[in-house]
Amino acid sequence: MSRRTAIILALVATLAASIAAVTRFATLATNATATEARIAPGKLEAAQRAAGVYAVPALDPALVERGRTVYAESCARCHGAQLEGQNGWAYMNTFGRYMAPAHSDIGHTWQHADATLLNNVMFGIEPEHTEMQGFRGILSSLDQAAALAYIKSRWSEPVRSYQHSISLENHYTNETGH
Ligand code: HEC
């Protein structure tokens, strides 16, 4: 094949790859928008209430108490004793590493389904970019669940019902990070 043909073939291949990438991005963006639309809080709650399946289960007080201790010992040094997160977490990251966000209503923990949160605690989040290392093998499964139960116990009622509705729908089960 002549050099010219090779260059033309390479250009065509690059163009095809770019078109494929743009198409894929457009599809992802559309899907993301569709997912957001599906979990619009008011809509989802209304539908669940109408179907009679919507009820936020009470937290087990013993699990919450256990979680209070676990949280104080294993989470508070980064996420804050009052779940307030590291200073400035919302505005900056340090040398490209994310800071520990608040777990209270002002954070975004409640925007994730139970499965995602448990996954975060078990396996960590992008360990190369954050200090959020997994707790598997460090804390028992019960302690991991307890820490999350304690965090939930600190949410306001609307926030907790919203997070519960996401967990029921489980749209974010496969989501891994923040
Ligand atoms: C050494 C610091 C550190 C400790 C200790 C720590 N975390 Fe984290 N955690 C982080 C950082 C940093 C992030 C943000 C990661 C990111 O943005 O990708 C994070 C994120 C999270 C998230 C995701 C929040 C969201 O909105 O996306 C959860 C859930 C979480 N941590 C739970 C815990 C629990 C539960 C414990 C204790 C068992 C704990 N963390 C201990 C640093 C820590």
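Helix axes are here taken as lines fitted to C-alpha atoms over the stretch in contact, and the angles between them run from 0 to 180 degrees between N-to-C directions. On this basis, the axes of helix α3 (residues 61-74) and helix α6 in the predicted model come within 7 Å and cross at roughly 100°. Since angles of 65 to 115 degrees count as roughly perpendicular, α3 is therefore roughly perpendicular to α6. On the α3 side, the contact is made by L63, V64, R66, G67, R68, V70, Y71 and S74. The residues contributed by α6 are D143, A145, A146, A147, A149, Y150 and S153. By class, the contact of α3 with α6 comprises nine nonpolar, three polar and three charged residues.

Helix α6 (residues 141-153) also packs against helix α5 (residues 114-123), at an angle of about 125° and with the two axes 10 Å apart. The helices α5 and α6 are therefore oblique to each other, and their crossing is right-handed. In this contact, L117, L118, V121 and M122 of α5 meet Q144, A147 and L148 of α6. Six nonpolar residues and one polar residue form the contact of α5 with α6, with no charged residues. A147 of α6 is listed both in the contact with α3 and in that with α5.

With regard to overall architecture, the protein has seven helices and zero strands, and its elements run α-α-α-α-α-α-α from the N terminus on. Of the 178 residues in the protein, 20% are buried. Among contacts between residues at least 6 apart in sequence, 66% join residues at least 24 apart.

The loop between α4 (76-79) and α5 contains A100. Because 19 other C-beta atoms lie within 10 Å of A100, whereas a buried residue requires 20 or more, this residue is classed as partly exposed. Beyond its neighbours within four places in sequence, A100 is in contact with C78, H79, G85, Q86, W89 and E131. A separation of 9.1 Å was computed between the C-alpha atoms of A100 and A90, which lie ten residues apart along the chain.

Confidence in the prediction was also examined. The average pLDDT of the protein is 80, and 67% of the residues score at least 70. Over residues 25-37, pLDDT stays under 50, and the model has one contact beyond four places in sequence for this segment.

Terms used: Residues numbered from 1 in each chain as written. Predicted model: local features only at pLDDT ≥ 70, side-chain atom pairs only at ≥ 80, totals over all residues. Helix = DSSP H or I, 4+ residues; strand = E, 2+ residues; numbered from the N terminus. Parallel < 35°, antiparallel > 145°, perpendicular 65-115°, else oblique. Left-handed = near helix turned anticlockwise from the far one by under 90°. Contact = placed C-beta atoms within 7 Å. Nonpolar A, V, L, I, M, F, W, Y, C, P; charged D, E, K, R; others polar. Buried ≥ 20, exposed ≤ 12 C-beta atoms within 10 Å, placed from the backbone. pLDDT = per-residue confidence, 0-100.
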